[in-house]
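Subject: Structure handover

Dear colleague,

Here is the structure I promised to pass on to you, with the sequence alongside. Please have a look at it first, and then read on for what was found in it.

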Amino acid sequence: MGGSHGATDLSYDETIARLISDGYLKSDRVIKAMRAIRREDFVPLQMRPYAWGDHPLPIGCNQTISAPHMYAIMLENANVLAGERVLEIGTGSGYGAALLSFLVGKAGKVYSLEVVHSLAESARRNIAKAGLEASVIESDGRQGYAAGAPYDKILVTAASESIPPALIKQLKTGGKMLIPVGMHFQELLLVEKTADDVMIKTLLPVVFVPLVGHSER
Ligand code: SAH
């Protein structure tokens, strides 16, 4: 080891150790995924020295990759298992989709929806370089992706004013969705679909960039 790359790796491991001691990271599965997928591989070159920190980072096109603790919170609550079908809304850098792909494994399937063409393209490259698989589709996430439904888990990584009905419809009975709901500030909701209803649990206040339509950008 040695050199600047070694130093970056050490700091990244320290961030993960802190996420564990702060209680954000709990399960061996999610810890293993966050250790395996290196966040620095998903941020622009000039941001790499900062990739170890527990804060959001710009990824271009006015968008950000969320802070590591946010992925820890979402993944711990979603309890994504091997073989599951998962939908992510807001591909961004591809980091979240890569973590999900690692968790579902070869037997599972990850779809991720993104409205910004250049982000979708770089995310596809980032995910492939990490040796993982996810279908990145350029479309408005508020409609979900019916062709891949039903999903065991849905992770929405941009803020929504309300829970889009299409997403509830595309969730399996017994499935779980994590979604930040609100205008400027949001609450992260855990939505569980039962046979004839949805159960909604408020997890914590969060700030995500808003979900937008093609015409609003
Ligand atoms: N999960 C990402 C970060 C998400 S940032 C990562 O791991 O890096 C939110 C993303 O949602 C941005 O890339 C933004 O372009 C995208 N987005 C905004 N509105 C959207 C919509 N209606 N449908 C799909 N993606 C959307």
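The lining of the largest pocket is made up of 18 nonpolar, 12 polar and three charged residues, and please keep in mind while reading that this is a predicted model. The volume of that largest pocket comes to about 540 Å³. Two or more residues of the lining come from each of the elements β2 (63-65), α3 and β4 (109-114).

The other topic is the pairing of charged side chains. As a general point, side chains of opposite charge can pair when their charged atoms come close. In this model the count comes to eight salt bridges, and three of them are described below.

Let me begin with Lys153 and Glu84, whose closest N and O atoms are 3.0 Å apart in a salt bridge. This pair links distant parts of the chain, since Lys153 sits in strand β6 (residues 151-156) while Glu84 belongs to the loop between α3 (68-78) and β3 (85-89), 69 residues apart. Are these two partners buried or exposed? Lys153 has a relative accessibility of 6% and therefore counts as buried, and Glu84 is buried as well, with a relative accessible area of 10%.

A salt bridge of another kind of setting joins Arg124 and Glu121, with 3.7 Å from N to O. Both residues belong to helix α5 (residues 117-129), and because they are three residues apart there, about one helical turn separates them. Here Arg124 is partly exposed, with a relative accessible area of 31%, and Glu121, at 35% relative accessibility, also counts as partly exposed. Elsewhere, salt bridges that share partners bring Asp13, Arg38 and Glu40 together into one network.

The cut-off for calling a residue buried is a relative accessible area under 20%, so Glu40, at 4%, counts as buried, and so does Arg38, at 18%.

With best wishes

Terms used. Residues are numbered from 1 along each chain as its sequence is written. This is a predicted model: local features need pLDDT of at least 70, side-chain atom pairs count only at pLDDT 80 or more; totals for chains, interfaces and linings use all residues. Side-chain values use heavy atoms; hydrogens and water are left out. A salt bridge is a side-chain nitrogen of Lys or Arg within 4 Å of a carboxyl oxygen of Asp or Glu. Buried means under 20% relative accessible area, exposed over 50%, partly exposed in between (1.4 Å probe, protein chains only). Helices (H or I, at least four residues) and strands (E, at least two) are DSSP runs, numbered from the N terminus. On a 1 Å grid over the protein atoms alone, a cavity is a set of points where a 1.4 Å probe fits but cannot get out, and a pocket is an open set with protein on both sides within 12 Å along at least five of seven lines; lining residues have an atom within 4 Å of a point. Grid points are joined across faces, edges and corners, and a volume is the space filled by probe spheres set on the points. Ala, Val, Leu, Ile, Met, Phe, Trp, Tyr, Cys and Pro count as nonpolar, Asp, Glu, Lys and Arg as charged, and the others, Gly among them, as polar.
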